[in-house]
Each structure stands twice: as structure tokens, then as C-alpha cells.
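Below is a note for someone opening this structure for the first time. The points are numbered and can be read beside the model.

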Amino acid sequence: MKIHVLGSGTPTPTPERFGSAFVAEVAEELVMIDCGPAATWKLAKVGIDPTAVDNLFFTHHHFDHDVDYPCFLLTRWDQSVGSENDLRAYGPAPTVRLTDQLIGPDGAFAHDYNARINWKTSQQVFVNRGGVLPRRPPVVQATDIEAGYVHETTNWSMRSAVAQHAQPYLDCLAYRLDTADGSVVFTGDTEPCDSVLQLAKGADTMLSMCWDMDEEMEASGEHQGQCGVSGAARMAAEAEVGRLVLVHTGPDISQPHGVESALERVSQIYDGEVVFADEFMQLELED
Ligand SMILES: [Zn+2]
């Protein structure tokens, strides 16, 4: 299994990172977790055709985790020839409503796909690509899920648990992906909590939110619903994960001196392998 870190940042755009998005390559399948800013373009940067990604799991619906969803599903539809699998999108509510508001008959992008379906030049581009007319509108099999939801396929399973973040305004989930090559946990945005800890028990790799140094977060009042360096390290140690990958790293901690301090702090709490994620980084897991 290979994990592509497409987005390792936050809502603050920096030249190095912006938002959350990850893709797992499992056997021949591609499973995407979150679809933050520019995720579709970042897929192209790592050589993945959006039409090959059939599964998308949202941790929650903050824009730094989902704002590229319209771009992703429209690109996926536009670049298709009609024989691809429908996209399956899972996430806490309002995944279904959001999908419908984007591509339903009265959706925000209905004018776009109606034009592409009916305009002669667009039809020709579609036919030249190998498509057969008439062209159907984009279809996404969207499902609202809750903590405890389990999705099982031949090659992988995805389990969800509560992530303590922006409730009661947003339902928020963490995910665990289990495969023959090992297991990966995506904490999503969360404060350190037992539900994520239990989900992560014994996982090979955990990609954890890591906003800033904990003392900075407490001093600035930014600690509730968010995980800092010590919190990520403590969860990794208590869950006995094999490797901790720091993602969703804030703009301060992502400065060179911040990275150094973070890694030093983690090493005082957790003795496994630790990685400060850069965007476009690939993480390998082997059986
Ligand atoms: Zn969030």
C-alpha cells in the first residue's frame, strides 16, 4: 500500500501546504480521504488520473477538507468516457445534500454539465476521447455516514470513529483503513480523545492532526477540538502505533525551527518512527 500526502496543511495557504487530502493505493484501487484545496490538481501532480479514484471519504465538512469536491467530481466526469465506475462519496452529513447542491438538477454546476452535454464542440471532444453519445450527467453515489460505519471490500476495509472537533456544528470522523499490507489511521481534525485512540490501537501508521505546540495552543485558546504536538505524540504512544505522521500542521509549526521543536517534543513522548509530512510525500506500507 502506498499513501500519497496531497494536502498536509490547514485553511491557511502557504507555498508549501494547503488543506487536507490523501490517497491510498490499495491493490488496484484508489481510496481518497478528504478533498481539500487543489486536491484534483495535486492528484495530477502525483500522476493519478481522477477518473481512477472511485472512493472518497470525508472526515468532516470544513472547507480545508472538502472545497475541491466540486472540482474533483466535475473533472472526473468531464475526463471520463462513460464506462468508468460511479464515484462513491462517504462522509458525515451533509455529504448527500452537498453533492445534490453541486450536481443535482438545480445544482450550482448544472449549467456547466448541461452545456457540455448539449454543446456540439463539447460532444465532439467527448467522442474524440472515446465516449459514446448521448452523454449522461455526472452521477455520484453519496452516503451520509456516522461513527461506527464500516465499509468492507475484498482488498480493504474502512472503519470510522468520532473525532472530537467542531461538534455540535459539524459531525467529525476519524478513519482506519485496514489492508493486507497493514493499517493506517487518519485522525482527521480532532483533539486527543479516546474514540480516536481506540480506533488507532496497534495501527502501523497514524496520520495525526498537529496544529501547533500545545502550550502555544493553550495560551492562544486554540486547543479545544484540535490536536497539538504533545497530544499527537501521546495518542501515538498510547495506541502503540508503529509510525506517527504529523499532518494538518499549522503555519507556525511548519517553519524550520517549528519542525525541529515538534520532532524533539514528540521524541520525548513517543519512541516510534515520526514523520513531519510534506505535501506530495509518499508513505509505503508493506506486508
Ligand atoms: Zn476542521
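1. Aromatic pairs. Seven aromatic pairs turn up in a search of the whole structure. Rings of Phe, Tyr and Trp (its six-membered ring) count as a pair if their centres lie within 6.5 Å; planes under 30 degrees apart are stacked, over 60 edge-to-face, and the rest tilted. The pair of Phe22 and Phe186 is tilted, because the ring centres are 5.6 Å apart and the planes stand at 40 degrees. Phe22 belongs to strand E2 (residues 20-26) and Phe186 to strand E10 (residues 182-186), so the pair ties together parts 164 residues apart in sequence. Both Phe22 and Phe186 are buried, where buried means under 20% relative accessible area, exposed over 50%, and partly exposed in between (1.4 Å probe, protein chains only). Helices (H or I, at least four residues) and strands (E, at least two) are DSSP runs, numbered from the N terminus.

2. Basis of the model. This is a predicted model, in which local features need pLDDT of at least 70 and side-chain atom pairs count only at pLDDT 80 or more, while totals for chains, interfaces and linings use all residues. Residues are numbered from 1 along each chain as its sequence is written, and side-chain values use heavy atoms, with hydrogens and water left out.

3. Phe57 and Trp156 are both buried. Their ring centres are 6.1 Å apart with the planes at 85 degrees, so this pair is edge-to-face. The pair links distant parts of the chain, with Phe57 in strand E4 (residues 55-57) and Trp156 in strand E8 (residues 156-162), 99 residues apart. One aromatic cluster is formed by Phe57, Tyr90, Tyr149, Trp156 and Tyr175.

4. Zinc site. Which residues donate to the zinc ion? The protein donors are His60 (NE2), His62 (ND1), His165 (NE2) and Asp189 (OD), at 2.2 to 2.3 Å from the ion. Donors are N, O and S atoms within 2.8 Å of the metal (3.2 Å for Na, K and Ca); water is not among the atoms, so sites may look incomplete. The arrangement is irregular because the four donor atoms subtend angles of 93 to 168 degrees. Four donors count as tetrahedral if all angles lie between 85 and 135 degrees; four count as square planar and six as octahedral if opposite donors are over 155 degrees apart and all others between 65 and 115; anything else is irregular. The spacing of the donor residues in sequence is H-x1-H-x102-H-x23-D. His60 is buried, at a relative accessible area of 0%, whereas His62 is partly exposed, at 29%.

5. Largest cavity. The whole structure holds one cavity of 30 Å³ or more, and the volume of the largest cavity is about 80 Å³. Of its 14 lining residues, the closest to the centre are Ser20, Phe22, Thr187, Gly188 and Val247. On a 1 Å grid over the protein atoms alone, a cavity is a set of points where a 1.4 Å probe fits but cannot get out, and a pocket is an open set with protein on both sides within 12 Å along at least five of seven lines; lining residues have an atom within 4 Å of a point. Grid points are joined across faces, edges and corners, and a volume is the space filled by probe spheres set on the points.
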